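Have the structure open and follow along.

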Amino acid sequence: MSTANELKAKGNEAFAAGNHTAAIDFFSQAIELDPTNHVLYSNRSASQSSLKKYTEALADAEKTVELMPAWAKGYSRKGAALFGLQEYAMAVATYQDGLKHDPESALLKKGLSDAEAALEHEKDGGAGYDDFASKMSNAFQGDVLAKIMANPKTAPYLADPEFVRKVKDIQANPENMSKYMDDQRITVAMFTLMGMGDVFAKGADDFMNDAAEPKTQSTTQSKPAPKAEPEVMETEEEDKEAATKKAQAAEAKEKGNAAYKARQFDEAL
């Protein structure tokens, strides 16, 4: 019989392969074996969002926050689900709550920026996310590679065979775009193909040299972003880090209680 960690690993592999239905099944089996593991709910939430099952994704994200209230990724998952449900004001509040726990999280800052832009667009009487999503899905239709080559900002991307492979994969099935939204070149190409290339102030070279963690992008238009966050599965190292922080917090609490009992009030928490 597989362990929870083995099932989680299989779920991560399925997610990376774009098989989100299988990923959900593996994470669900793992949850049955380890129902208090916040990472499992977080990963299943990401899988649900990838299938646009935002109500289910929200339920898993809320469980993640309940189990690990100080973990920023839980708020990121919740914000993404609310964004998908077009509950932009609630998404903004969720990202803000997450930033109280992790003020330097680029993921939360990016999600907050996207949600605020979508909310502003909605207030301005915009067509809404569905209309934007439709345009996004059609962006990679036609002679895409020629259009990318014609733009000096995106032309350098074609030197990378991996980028070309991703573009062709999206052309074959627009749903595959969700797998590549963590590649900022795909995002830049998409907006450029949609005639919104001026949304990005950076040039092609800057994006190719960016660090792995996404940076917050400023916009000059109140356009809702296609994704509130790139979906990334948690690793064993992140599990260990969360467990370590929890253990450190418990240790600090015990020391505080001991100090209080000894009437060392200046040391008590």
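Let's start at one spot: leaving out residues up to four places away in sequence, His 20 touches Ala 14, Phe 15, Ser 47, Ser 50, Leu 51 and Ser 178. Keep in mind that this is a predicted model. As for the overall build, the chain has 13 helices and zero strands, and 46% of its 269 residues are buried.

- His 20 sits in helix α2, which covers residues 20-33.
- With a relative accessible area of 7%, His 20 is buried, because the cut-off for that label is under 20%.
- Gln 48 belongs to helix α3, and its 8% relative accessibility puts Gln 48 in the buried class too.
- Which residues does Gln 48 contact, once neighbours within four places in sequence are set aside? They are Ile 24, Lys 53, Glu 56, Ala 57 and Asp 60.

**How α3 sits against α4**

- Helix α3 (residues 38-50) packs on α4 at an angle of about 160°, and the two axes are 8 Å apart.
- That angle is over 145°, so α3 counts as roughly antiparallel to α4.
- Is the crossing of α3 and α4 left-handed or right-handed? It's left-handed.
- On the α3 side, the residues that meet α4 are His 38, Tyr 41, Ser 42, Arg 44, Ser 45, Gln 48 and Ser 49.
- On the α4 side, the contact is made by Tyr 54, Glu 56, Ala 57, Asp 60, Ala 61, Lys 63, Thr 64 and Leu 67.
- Sorted by class, the contact of α3 with α4 holds five nonpolar, six polar and four charged residues.
- As a reminder for reading such lists, an α-helix has 3.6 residues a turn, so residues three or four places apart point the same way.

**How α5 sits against α6**

- α5 and α6 pack at about 170°, with their axes 8 Å apart, and are therefore roughly antiparallel to each other.
- From α5, the residues in this contact are Tyr 75, Ser 76, Lys 78, Gly 79, Ala 80, Leu 82 and Phe 83.
- From α6, they are Tyr 88, Met 90, Ala 91, Thr 94, Tyr 95, Asp 97, Gly 98 and His 101.
- The class breakdown for the contact of α5 with α6 is eight nonpolar, five polar and two charged residues.

**The nonpolar cores**

- The largest nonpolar core has 19 residues, and Tyr 95, Leu 108 and Ala 115 are the ones that touch the most other members.
- Helices α4 (54-67), α5 (72-84), α6 (88-101) and α7 (106-123) each put at least two residues into this core.
- α5 gives the largest share of the core, with six residues.
- Apart from this one lies another core, of 18 residues, including Val 167, Met 177, Val 188 and Phe 191.

**Helix α11**

- How many of the ten residues in helix α11 (184-193) are buried? Nine of them are, which leaves the helix mostly covered.
- Among the buried residues of α11 are Gln 184, Arg 185, Thr 187 and Met 190.
- After α11 comes Gly 195, with a positive phi near 80°.

- Of the contacts between residues at least 6 apart in sequence, 59% join residues at least 24 apart.

Conventions: Residues numbered from 1 in each chain as written. Predicted model: local features only at pLDDT ≥ 70, side-chain atom pairs only at ≥ 80, totals over all residues. Heavy atoms only, no water. Core = buried A, V, L, I, M, F, W, Y, C linked by side-chain atoms within 4.5 Å. Buried < 20%, exposed > 50% of the residue type's maximum accessible area, 1.4 Å probe, protein only. Helix = DSSP H or I, 4+ residues; strand = E, 2+ residues; numbered from the N terminus. Axes fitted to C-alpha atoms, helices over the stretch in contact; angles between N-to-C directions. Parallel < 35°, antiparallel > 145°, perpendicular 65-115°, else oblique. Left-handed = near helix turned anticlockwise from the far one by under 90°. Contact = heavy atoms within 4.5 Å. Nonpolar A, V, L, I, M, F, W, Y, C, P; charged D, E, K, R; others polar.
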